[in-house]
Amino acid sequence: MEADWDEITRIAVPSSGLHAIPTPASAVTFDDLQELLWVGNDQGRVTSFYGPELQRYVSVKAHLGEGPVKQLLVHEKGILSISSSSVHFVTRRGLTQWHISHRLMTDLRCMAFAATNNLVVVAGCQSTFFVIDIDKGQIVSEHPAQAKYTILRKSRHICAATDDGNVHILSLTDYQLLKSWKAHSSAVNDMDARNDFLVTCGFSVRQLGVPIVDPLANVYDLKSLTSLPPIPFHAGAAYARLHPKLQTTSFVASQTGQMQVVDLMNPVNVMLKQANVQFMLGMEIASSGDALVITDSNGWIYLWGSPSKVRFNNISKETEFADPPPQQIPHVDWNDSPLNTIGMPYYSEPLLSAWPSHMVFEVGAPPVPIEPSLLFHMQTAEMGHYAPNLNPRKLLRYQVEDTRIGHVPASITAPKFLSEKAKEAPANGNNRKLSDAAEGLAGISLSGRAQTDEERMLKYSNVEIKYSRFGVDDFDFRYYNKTPYSGLETHIANSFINSLLQLYKFVPLIRNVAIQHAATSCVAAQCLLCEFGFLFDMLEKANGQNCQATNLLRAFGASREAANLSLFENLSLANGTPLSTTIQSVNRFFLKQMAHDYVTMATSGDGIEEVIASKAFEAIRCMYCNNETTKPASTYVHDLVYPQLEPKHSMRYIKFSSILKTTIEREAKNRGWCSRCRRYQQLAIRKTVRQLPFVLMINAALGTNPAMRGIWETPGWLPSEIGVIVQDRNVYVFEGSDLALHQRNKSPGLVIYELVGFVAEIDTSERHQPHLVSMVNVEVSSSGPEVTPNQKVFPNWHLFNDFLVSPVDPREALHFNKGWKMPSVLAYQVKNAHGRLDHNWKRGMDTTLLYQHYSVNGLYPKEGCKILTPGERPEKGTPIALDTEFVELEKAEINVKADGTQETIRPAKSGLARVSVVRGQGEDEGVPFIDDYITIYEPIVDYKTQYSGIRPGDLDPQISNHNLVPLKVAYKKLWILLNLGCIFVGHGLASDFRKANIHVPKSQTVDTQFLYLAPGKNRRFSLRYLAWAVFKEYIQEETTLDEAMQTDGHDSIEDARMALRLWRKFQEYEDAGVAEQMIEDIYRKGTKYGWKPPPRSIGGTLMPMDGIGTGAANSAVQSGRNTPDLMTLPSSVAGTPLPTSPPKGPGSASGSSSSLGGAFKLNAAGAGSFVPGNGIIKESPLR
């Protein structure tokens, strides 16, 4: 606070009505993106004011009839507010995004952001606190509260004040209690936390038992979780705020308006101010530190600051205002003036006439136009005209032209690319324009609430990924999926099986078997059961983000047996096999392969057999001599056997249960060899079931019985539950009222199965090939209390159409139509396994692969790579640094249009070529423990040596000089580290994870690409530029002093080690409280040098710093670190370079500068600054 600080503006809190008495502000906060002040009042209204003049901006009835606004919280997309019973989210223009209430929300008081700013923790004086996803507008988790919380603040941890004067320190990750202090004996009145400090003000009970304001403000160190000397304030410390820029400076105020600015480390240094208020109710300080707002009991708002430079933010985005009212329109005499006197305005935004086509509803079909050839024969009658029907269109007498053809779209309109939305963001702020509103209206058809058949059909249509120049990462998958269940991408060969994979994933017992097997020591390259486990684990961790089954589909595509059975998409299309028939054959193949792969690691197949195998035997009897033989006939899937009915017989009384019974007890007559008659005879074959599995997989088999397609149209024909009794070699199947009767009678041996879901073939358009979707009752796989056989469970059906996921009504889910929707594969599971997901598999996970050397060519990793020892077993939170390299297996398929523009039909296909992981802590910090090159047997079209450092021959087991491992081994090492809870540190990790086909939760990633992201800027710095800007070191270079020893600059160990160093340096910046300033300096320096290191002279001396680079910019869209940038964002901002980080101590790094015949090179991560006459000062690889 400077000496000229004083009251600048004073306004009254807006009242709720014209003649209503003004009420005090119940909550107030500054906007950290725009020059706005947000105020909440006792009637639940949220109002904002613009600029130092506090000009009225927007006003929203956020909590109508729910009492006062308890707190306001600023998010980049809008403003969060809470009342005692609800949470509300609006944009800065006042548009409501969502409103959440819950039966357990009884007395909400406070909220704070969680580990990421898209999650918010909401708590109060109640037994439960909630975690809400701001992007989805949904409650993602509920947690029992340790106490009744009144104030929440986020810093290093979540600081929570209780109603009894305590302060709880909660973990940002799992919200567990880390520390507790008794701050005040009665209650905590105000609290603030920033960086490493926490300041509290409160009440204590003194004489006569009356609480009075404490004359001390307590201070705590959040880094060491210890108490610090309190701040004395004799007027009574009622309110406290920490300065946003000055780390150790705090504002403390009394209820009478006396304010003091004090240094926490030097409480003697104090500045006092007095506010002209009667009774102070609160205060807030702006993020710039140049403005302060005070509220009082009379309903006034006081803005304090320096009149010469008051501002709310250092860099504020432009606030958008409504268009000014038009000037008075001149009078026009319509009698004499022509109509073109009134000019047409120019529009820069879409008009309402650009309404989405699929949101246009027809009241009736347009009339059929009269044929011109009939007009000559028209004769007048009493009503209209008549003419003989010459039938020029050659239609039958009962036919009429369909005039609706062409009015309904066949597919969903693709959304804008993320890069396009990012370009519009600066102009539009965080608010949505009419074009975005049109997309939102288009999204109605994806929400399950569509009202017309045309809308309902849209979500079943083919979905297609569109590619921009930034590849698949630029596609907006969230437009198609706003649920917590992840979809699967389609740009991979044989992705037609996505629907079947989704169905398997939501069968809990199949999911358990697959993940448990993946956690064993199995390293077989073609083990599909492992790939199922990896995929199911990835889908669960993704929590709604799109995934891809690349590794599983690659293993499936390499199966010789699957190729012989023509199970691949290209083979089935060439043979003319319907897609529904192919997916049923794939289902049979997968279940058989699961059982085969399970036995390779287990002592017996009992574990998988009881889950999916129907144990049975066949009795084969000769109809001539009655000789009978038996043989085992266990099966993993049942193909439905339909009765042979005459066309005149009705199918109305055929039940699903009777068809299933006939299918399980299959009887047939075939001609075969009789060992007693010694000749071919007519044989009767009867199948007898001894035991049914926990999961019944059923093929609908409609391809061989097209006449039975109509039976599936009967409403309710497919039961949600069936009961089965296996007794005396007979199988009895019940449904509906029969099943309810047996349940009431508690029939012995009754096993109840519930429908998990099914795969259906969709044929909605003549312009598209049929495709497959899955309908899944996700409630079956939701963890919850145990379900009894007689308990009613409400279904939660979802449609999985590749990457489109949408909730659907149960009646719609179980509705079939022989014209466009028919089932292919059904899945039933025993009801007592409802929600039984195994989460204990991590405890028994085999981690020996991390401690053993594995190689297909017998070579060891290069010198310097030190494999982990069992004593170094990673624990939860262990940091590791990762970098990967890739090669190109297929070029992108690009269509060049007539106007010269290019459209990507199919993106380039990449293959993982190298994985390097280094230790992130301990004595060996920075030492790699994984450096694997991956064998690739597919043709490689481009090694990308310039960016990957991979050369021809490096991946060939016959001639490679590197340690080669199969893809399965390299992937499983990363998967083990992921599930041990390691924190992955790297640069551009999203690209690494996508190419490796693994999903790592954000809580387990530290991406330096985002750590060093300038506030309000979309530019992402390259690792090469950051290494120079932070450490003054040159990496990823291709030149040495000796041309004969030319080496590639890219090295994944060097890149991983540099990412780790950047993270450590960022932590140092944060500890010093200068992170934001340092990043801004790096940004300004980048504008000066073109976003790449400046050139330097030969001999190790640095070039002068006034050179201008021409590097390209990282786009707003996520891209790989080692790919060439495609666009630049010029800027005129110039800055000064960062100071060079001094060396912390001696040591050497992999690839550090060394003497080569009297010369040296500076292309390593460990190279320091050159001192003339002294050579190179070496640094530790992490310092």
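Predicted model: local features only at pLDDT ≥ 70, side-chain atom pairs only at ≥ 80, totals over all residues.
I took local features only at pLDDT of at least 70 and side-chain atom pairs only at pLDDT 80 or more, while totals for chains, interfaces and linings use all residues. Residues are numbered from 1 along each chain as its sequence is written, and side-chain values use heavy atoms, with hydrogens and water left out.

**Entry 1: α6 and α11**

I looked up helix α6 (residues 508-518) against helix α11 (residues 579-601); they pack at about 40°, with axes 11 Å apart. Helices here are DSSP runs of H or I, at least four residues, and strands are runs of E, at least two, numbered from the N terminus. Axes are lines fitted to C-alpha atoms, for helices over the stretch in contact, and angles run from 0 to 180 degrees between N-to-C directions. That angle makes α6 oblique to α11 (under 35 degrees is roughly parallel, over 145 roughly antiparallel, 65 to 115 roughly perpendicular, the rest oblique). I noted the contact (heavy atoms within 4.5 Å) as Ile510, Val513 and His517 of α6 with Met594, Asp597, Tyr598, Thr600 and Met601 of α11. By class, this contact of α6 with α11 has 5 nonpolar, 2 polar and 1 charged residues. Ala, Val, Leu, Ile, Met, Phe, Trp, Tyr, Cys and Pro count as nonpolar, Asp, Glu, Lys and Arg as charged, and the others, Gly among them, as polar.

**Entry 2: α5 and α11**

I then took helix α5 (residues 498-505), which packs on α11 at about 45° with the axes 11 Å apart. α5 is therefore oblique to α11. Leu500, Leu501 and Tyr504 of α5 meet Ile583, Val586, Asn587, Phe590, Leu591 and Met594 of α11. I count this contact of α5 with α11 as 8 nonpolar, 1 polar and no charged residues.

**Entry 3: α20 and α21**

I found the axes of helix α20 (residues 1023-1031) and helix α21 (residues 1052-1072) coming within 11 Å and crossing at roughly 45°. The two are therefore oblique to each other. Among the contact residues are Leu1026 and Val1030 of α20 and Met1058 and Leu1062 of α21. The contact of α20 with α21 has 9 nonpolar, no polar and 3 charged residues.

**Entry 4: cavities**

I searched the whole structure and got 5 cavities of 30 Å³ or more. A cavity is a set of points on a 1 Å grid over the protein atoms alone where a 1.4 Å probe fits but cannot get out, and lining residues have an atom within 4 Å of a point. The largest cavity holds about 70 Å³ of space. Its lining has 13 residues, with Gln852, Ile867, Phe929, Asp932 and Lys973 nearest the centre. Strand β49 (residues 928-934) gives the most to that lining, 4 residues.

Definitions and conventions: 1 Å grid on protein atoms, 1.4 Å probe; cavity = no way out; pocket = protein on both sides within 12 Å on 5 of 7 lines; lining within 4 Å. Points joined across faces, edges and corners; volume = space filled by probe spheres on them.
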